[in-house]
Amino acid sequence: MSHLRGNQKRTLFLTGRVAQAVGDYLTRLERYEEAREEYQQATAAYEQVLPSSSKYLEAQTNREKVLRQLQELPDRQKSSEAYRLDWLLAAAPTTSRPMAAISSVNLSQWMRNVLAEGWQTIEEFWGRGETELAYGYGLRSREVESGGSQTSGKSASQTPGETLGEIIAQLGVKGLEIPPIARAAYRDLPLADNCLRLYALTWATSEGGNLAEWALMLILGAQFGNPLPPGLKLQVSDLTTILVEQEVEPNSEQTYLYARLVGTIDEQFLVTVAASNEQILTLLLFSFIPE
Amino acid sequence: MSVSQNISQRQSLTQVNRALQHFTDRHELTKRFAEYLNDEPPPDKILFFYGDGGNGKSLLLKFLLNNYCKYFSTDVWQQLKAKSTYELVDLIKGAKSSSPRRKYARSPLDSIIQKLKRWLERISGKQLGTNAADWQWNFQSVPAVLLDFEQQPIDEERPQDPFYGLLMLRGRLVKAFARWGYQLNFPLTDYACVWYLQQKGKLTNEFIAKLFPASELFLTGGTINLFKTVLGAQQLAIALAGSLPILAVSTFNVISKYFGKDLTLYLRGRGLKPEDLQKITQLDPDKELIDALPNFLAEDLNVAMQRQNAPPKIVLFFDSHEAFWGDWRGRGEAKYFKQDEWLRCLLAQLDRSRIVAVVAGREKPRWQEAAQWSIPQDQLELKQVFHFCTKDARKYLQEIGIEDEQLGEQLINYARLDQGLVHPLYLGLCGDIVRSAYSQGKTLTAGDCQLMSESQQKLKILVERLLKYVDEEIADAIDALCACRAFERELYFQLGRALKFNPSHAAFDCLINFSFVWSLKQRGRDWYRLHPLIRRLKAEENRQMTGDAHAFLEQYYRERENIAEAIYHAIFQDWRRGVGEWLEVFQTATGEGNFELCRILEEIRKELSF
């Protein structure tokens, strides 16, 4: 029933937007091959919008965005034949991927300027304020916040401190404040031809002179500030429950994922960073045990 | 007298599909279908009927469904095969069973009886069992279902949808089995469907009652047992939340006679443990489970057909295969093949020795080209459905009461195509014209039918000519109803009152008696739709009445909070407004993860090709 008449003038701009929206929907469903076709149709429609059209500039902007999305689409998608009954209900494979070793990090040592192997300090966030614990820092127990976003400027010449500062400034806008007593460090995580960087900031709060809670802020970005690979996961659990699970969505152009957690003295947080193929890149067990 | 006196009586035959009643021709195709049911070994293929729109494919499927789903004993079948095609087809159609379920095992005793019969024939010199009455007991009815992909999607009845289409098929199979006294259960499918619905937040009492009506409660009992086995009673209560009471009632009624240990046996027979089923719950409902569902249905059906008390065969009919694409072509291969992927997945895995699959569509399928769930060409039997030959066209006209030979020849010539064959839709319209004229006291003669022969104009001219011989309110009603994807009596009256075309029961009965109006059962009620070619023709005419009908229907569906259907009618009125709203709703649905609504909107986009 496509033979529409009457008030039926079609616009290429709207056709492009429809194809783009369907491309986004299919990307979310990980149906990348169909998404690619939709994005190509969107691009073709935007290209045909004439300069005289009031939608010309918007069409060009959308076209550029779609072209970027096209570039970032994964080459392969999961085959629907993977759900053949014999495969689906077959016994689990006997060979499992080797488990990554867990590295323990006692963050209370950072307060005494002692770092575990592989971690490097970020001077800009090291000893800016008093070393005493912040009194009455009003956080609920087990407070969790997380998300992901993009940094505006990217420069390979930026120091880790400058990159972290930029991210924190952004997060500050979102209402995430980092107290001056926070200590920060980072470690690099190799991932194929990419190199990831995990920033960790910590601080503690006390009540009546006693340690009450400790906070951990994690930021997972790329070494040179470029967008993170799609499917990259940052997960934090308290050994029984997953508290945070962040994943880089395709075409999102996210340059970092973050999570902020607050725990009591007897709590530990297990942080997992995994690639899109489920390969675990690192397992870190954070605690805050005063010595 | 050019028109039979019977016409006026036949026109009063409302509530039946007149076209089906006067089905003509297709003997070779009918015989081939019967061979799929009865030949040993059976053809290990999918039967695919293809041909132009309006040439009777849908009618053929309904005709086979109603008359030819019969399984004969080996000897009877051999005797039938020895007859001419025409005889064979007539005999099968005439064969009646007085019992809804007569097991006709092809047993050694049956063989002895048939040999004895042949011996008696030899010594008596007379042929036994050659008329239809003699075949009364000699077949077993085969459960059969039909899924028409062109059917208007309403609520959960959405035949093209990878989830709800399968659910429709499942529901119809259960009813077809029950009709002939068989039991059918879908442990994997039901488990997966209930889990999907639970994940979608749709597992409510109301929804369960709708999807698993009282007649199917034993299935729900089966499902609840599955969940009990896998999840344990406590988790089951959590998983099923509000739907537990109704499920519990059904379980109470059936648990003693159904499933129970059957489930354990089923799993053991399949080499599975209850824990294996948990893998289903680990699948993402929109990304994975939806792709896995046809596998479950195929497996459940295959297993069901291996049971001791299973019917000898079942038939799955799929009509209007082309509706998966509408006019929406050239949008990319991945998109093209995804549309009917669930159907290919299902068909590819069915046990074709027991399950006969028949598909009809305008074009030959390109299934062998698909990257996923490809079906090789050698697993398909393609049969072209041609237009009528002259002999069958004459027979059709006689059937509908047009006995004047000269008038008949004139109508046949008009409905004839370049290749000499007669277009069934055009011929049906010719018949409608004669019958409508007769009902107004006018008797058409050959001289009245001097019509031009440009084939591309024929349909338009025929419809115009028909409307000349019907009351004004019926002509207006046709203009209005062609805006509907499907309609029923109540909607017709609402439209009529709003658009002031004086609706009446008599006019409605007349309308649904036209050859181009199809009846269908939807949501347990009688629904109708105009032939798609007529709808297309009327849409192109862009009449005021049709536009007003779209405006009414948009409002009608908005009041019922059926936003997708409202948008469908909005697009017909104003493309930019309608598509703009489509985009807004689609983006919101994507953002909210409401992928079911996205699928509904995608179907509208396909049909309206934007």
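User: Where is Glu253(A) found, and what makes its phi worth a remark?

Analyst: Glu253(A) sits in the loop between β9 (242-247) and β10 (256-264) of chain A. This is a predicted model, and in it the phi of Glu253(A) is positive, about 60°, although the residue is not a glycine.

User: How do you know that the peptide bond between Glu40(B) and Pro41(B) is cis?

Analyst: Omega tells you: for the bond joining Glu40(B) and Pro41(B) it is about -5°, and the bond is cis. Most peptide bonds are trans. As for its place, Pro41(B) belongs to the loop between α3 (27-38) and β1 (46-50) of chain B.

User: Why is the pair Lys335(B) and Glu38(A) called a salt bridge?

Analyst: The rule asks for a side-chain nitrogen of Lys or Arg within 4 Å of a carboxyl oxygen of Asp or Glu. Lys335(B) and Glu38(A) meet at 2.8 Å, N to O, so the pair qualifies. Lys335(B) lies in helix α16 of chain B and Glu38(A) in helix α2 (residues 32-47) of chain A, so this bridge joins two chains. Glu30(A) and Lys287(B) form a salt bridge as well, at 3.0 Å, N to O. Between chain B and chain A the count is four, and over all chains the structure holds 38.

User: What makes up the side of chain B that touches chain A?

Analyst: Several helices of chain B each supply at least two residues, including α14 (274-281), α15 (285-306) and α27 (563-573). The largest share, ten residues, comes from α28(B). By residue type, that side of chain B divides into 22 nonpolar, 13 polar and 22 charged.

User: How many residues are in contact across the two chains, and how much area is buried?

Analyst: Taking heavy atoms within 4.5 Å as contact, 57 residues of chain B touch 41 residues of chain A. The size of an interface is often given as the accessible area lost when the parts come together. Here that area is about 4,500 Å², with carbon and sulfur atoms giving 59%. Lys287(B), Trp373(B) and Trp575(B) supply 15% of what chain B buries against chain A, more than any other three residues. You will also find 15 residue pairs in polar contact between the chains.

Note on methods. Residues are numbered from 1 along each chain as its sequence is written. Chains are lettered from A and ligands numbered from 1 in the order in which they are written. This is a predicted model: local features need pLDDT of at least 70, side-chain atom pairs count only at pLDDT 80 or more; totals for chains, interfaces and linings use all residues. Side-chain values use heavy atoms; hydrogens and water are left out. Buried area is the accessible area (1.4 Å probe) that two parts lose on being put together, summed over both. A polar contact is a pair of N or O atoms within 3.5 Å; within protein, one must be able to donate a hydrogen and the other to accept it, and residues adjacent in sequence count only if both atoms are side-chain atoms. Helices (H or I, at least four residues) and strands (E, at least two) are DSSP runs, numbered from the N terminus. Ala, Val, Leu, Ile, Met, Phe, Trp, Tyr, Cys and Pro count as nonpolar, Asp, Glu, Lys and Arg as charged, and the others, Gly among them, as polar.
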